[in-house]
Amino acid sequence: MAQPTQPPTDTPTSYTDPTFSLLNSTCLDLLLIELVPMAYRITADLALREEEWTGTSTAKANRLSSHSNDASSTAAGAAAGTIGAGGTATVDEEESREAVFHRLESLGYRVGLGVVERFSRDTPRPVTPLDCIKFLCKDLWTLLFRKQIDNLKTNHRGIYVLTDNTFKPLTRMSFDTKKYTPEVQARINEAAERMLREGDADGNGLNEMGLAREANSIERVQPFLYFPAGVVRGCLEGLGIRASVQAECSALPSATFQIRTAGAKN
């Protein structure tokens, strides 16, 4: 007598799901590394084309192009804009930063929508906003970054703070000592001169140099959070929650995502 066939319990394959495909887990990491330099290059090219059409000077395009060169030289080299001697970013650098932010955030938003549609097509979707956030912290975060969110806080009024202490896209980040901002380089030089002149028995000089390098790293890593923030916003939109997402890095390799839903109260 024939035995009844047991339903398959393993993960789907190309035989059962024609849309199923396998992808190396490092592809997302490589994509995030290249996205920021690409966004700066596109911004510089568009600015140059605009200058050619308008017939004005190319100083703006050259300044934007310098950001692209810095970004392509190292994974963390795509800074959010070089600060001038007075500590204030120029208008052109602000425009460059905004253009890169909107481009990367929009790309991440589209990816987030697709991820939710694909991942939740065979499972019931969460209904309440808190359940959606938990679904994002556990299931979707594991799918994207192979770990769960480390900490979730909320004020129960529509504001959620997600903290990933070892955000995978930032775990391999480093900084280039040749690309310090003038303020950071001045702090390093001052600490080094004081160490040579007075010694560093208390370790304050080394601490200041370390803090300066850390500040430089955090500043340069910020553009690499634009795309993940867009992914989070797209995932929430796919789950029926309209929200704004702000991503920050206080210390490598941690990342914090502040989610403010529509109608949220402080």
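Is Cys132 buried or exposed, and what is its relative accessible area? Cys132 is buried, with a relative accessible area of 0%; here buried means under 20% relative accessible area, exposed means over 50%, and partly exposed is anything in between, using a 1.4 Å probe and protein chains only. Cys235 is also buried, at 1%. A disulfide is a covalent bond between the sulfur atoms of two cysteines. With the cut-off set at a pair of cysteine sulfur atoms within 2.5 Å, a search of the whole structure turns up 0 disulfides.

A quick word on the ground rules. The model is a predicted one, where local features need pLDDT of at least 70 and side-chain atom pairs count only at pLDDT 80 or more, while totals for chains, interfaces and linings use all residues. Residues are numbered from 1 along each chain as its sequence is written, and side-chain values use heavy atoms, with hydrogens and water left out.

Now for helix 4, which covers residues 129–145. Helices (H or I, at least four residues) and strands (E, at least two) are DSSP runs, numbered from the N terminus. Quite a list of residues is buried in helix 4, including Cys132, Ile133, Leu136, Cys137, Leu140 and Leu144. An α-helix has 3.6 residues a turn, so residues three or four places apart point the same way. Helix 4 isn't straight, though: a kink of about 35° is centred on Leu136, where the bend at a residue is the angle between axes fitted to the seven residues ending there and the seven starting there.

Aromatic rings come next. A pair of aromatic rings is described by the distance of the centres and the angle of the planes. Rings of Phe, Tyr and Trp (its six-membered ring) pair if their centres lie within 6.5 Å; planes under 30 degrees apart count as stacked, over 60 as edge-to-face, and the rest as tilted. On that basis the structure holds 7 aromatic pairs. One of them is the tilted pair of Phe119 and Phe135, at 5.8 Å centre to centre with 45° between the planes. This pair ties together distant parts of the chain, with Phe119 in helix 3 (residues 91–119) and Phe135 in helix 4, 16 residues apart. Phe119 counts as partly exposed at 30% relative accessibility, whereas Phe135 counts as buried at 11%. Trp141 and Phe257 make an edge-to-face pair, with 5.4 Å from centre to centre and 75° between the planes. Here too distant parts of the chain are linked: Trp141 sits in helix 4 and Phe257 in strand 4, 116 residues apart. Both Trp141 and Phe257 are buried. Ring pairs also join Trp141, Phe145, Phe167 and Phe257 into a cluster.

So what about strand 4 itself? Running over residues 255–261, strand 4 has side chains that alternate. Strand 2 (residues 159–164) runs antiparallel to strand 4 and is joined to it by 6 bridges. Strand 3 (residues 243–248) pairs with strand 4 in the antiparallel sense as well, over 6 bridges, and a hairpin of 6 residues connects strand 3 to strand 4. Thr256 is the strand 4 bridge partner of Thr163, and Thr256 is also the bridge partner of Glu248.

Back at the end of helix 4, the next residue is Arg146, whose phi is positive, near 60°. Arg146 lies in the loop between helix 4 and strand 1 and counts as partly exposed at 38% relative accessibility. Lys147 belongs to the loop between helix 4 and strand 1 (151–154) too, but Lys147 is buried, with a relative accessible area of 18%. Its side chain makes a polar contact with the side chain of Asp150 at 3.2 Å. A polar contact is a pair of N or O atoms within 3.5 Å; within protein, one must be able to donate a hydrogen and the other to accept it, and residues adjacent in sequence count only if both atoms are side-chain atoms. Leaving aside residues up to four places away in sequence, Lys147 touches Trp141, Thr142, Asp164 and Thr166, contact meaning heavy atoms within 4.5 Å.

Note on methods: Pairing = 2+ DSSP bridges.
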